[in-house]
Amino acid sequence: LLGLHLIEFHHQPLDKITKRQVDEWWQKKVKTGKATTASKAYKLLHAVLKRAQADGLIASNPCQIKGAHSLTTGHKKQIPTPAEVGKLINAIDKRYRLVLILMSYGGLRFSEATALKASDLNTVGKGADRYYQISITKAVTESNGVFTVSDPKSKGSNRTVPLPIQLTKHIDQLRTGMNTKGTDTLLNEACKGGY
């Protein structure tokens, strides 16, 4: 949000940001059709300026737009069916199939799936009862080419997720030939290596 949507405020002193400037920025953002993202960016800007006001750096908060905190596009997310997910898995480049499975059936955020190490994907049980589970303890984000590994989005995001037993053989096949010996090896590397 800060890097993309609030860029015009980056080099401006906080005490020089005016209500008119915020109002014009808001109108421009809403016209792009991405009301939910605009609202999130507005909340961040409002929070920064609220803190600046509390610290005595500015006299008042120029973020005064009614309803801006809760504006959404109203679009409902369309979740793919298991059949559609299967088609995606079969159509995508083989090196990305595992990350797609983990996100689809494990409910991982992209930042969590791309931070996984080989040691985070383990099997539980034996024989026909064997299944995989994922330990989510980290997330990776990228800004201006720099990758930062940190805790997931919230405390509740640290979790262990069991995957459906029907996926065990498929995951076994995908892991064949993968370099998963070192505990620090990324499970889902970029095509050129790294995150």
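The lining of the second largest pocket is made up of three nonpolar, four polar and one charged residues. Keep in mind as you look around that this is a predicted model. The residues lining that pocket are L1, L2, G3, L4, H5, T141, E142 and S143, and the space inside comes to about 300 Å³.

Now to the sheet. Three strands form an open sheet in the order β1-β2-β5, and their pairing is antiparallel. Which strands sit at the edges? They are β1 and β5, each of which pairs on one side only. From one strand to the next, the twist averages 30°.

Here are the strands with their residue ranges:

| Strand | Residues |
|---|---|
| β1 | 121-124 |
| β2 | 131-136 |
| β5 | 159-162 |

How many bridges join β1 to β2? There are four, and the two strands run antiparallel.

One more stop is the hairpin of β1 and β2, where six residues lie between the strands. Which residue of this hairpin takes a positive phi? That is G125, with a value near 85°.

Technical notes:
Residues are numbered from 1 along each chain as its sequence is written. This is a predicted model: local features need pLDDT of at least 70, side-chain atom pairs count only at pLDDT 80 or more; totals for chains, interfaces and linings use all residues. Side-chain values use heavy atoms; hydrogens and water are left out. On a 1 Å grid over the protein atoms alone, a cavity is a set of points where a 1.4 Å probe fits but cannot get out, and a pocket is an open set with protein on both sides within 12 Å along at least five of seven lines; lining residues have an atom within 4 Å of a point. Grid points are joined across faces, edges and corners, and a volume is the space filled by probe spheres set on the points. Ala, Val, Leu, Ile, Met, Phe, Trp, Tyr, Cys and Pro count as nonpolar, Asp, Glu, Lys and Arg as charged, and the others, Gly among them, as polar. Two strands pair if DSSP finds at least two bridges between them. Axes are lines fitted to C-alpha atoms, for helices over the stretch in contact, and angles run from 0 to 180 degrees between N-to-C directions.
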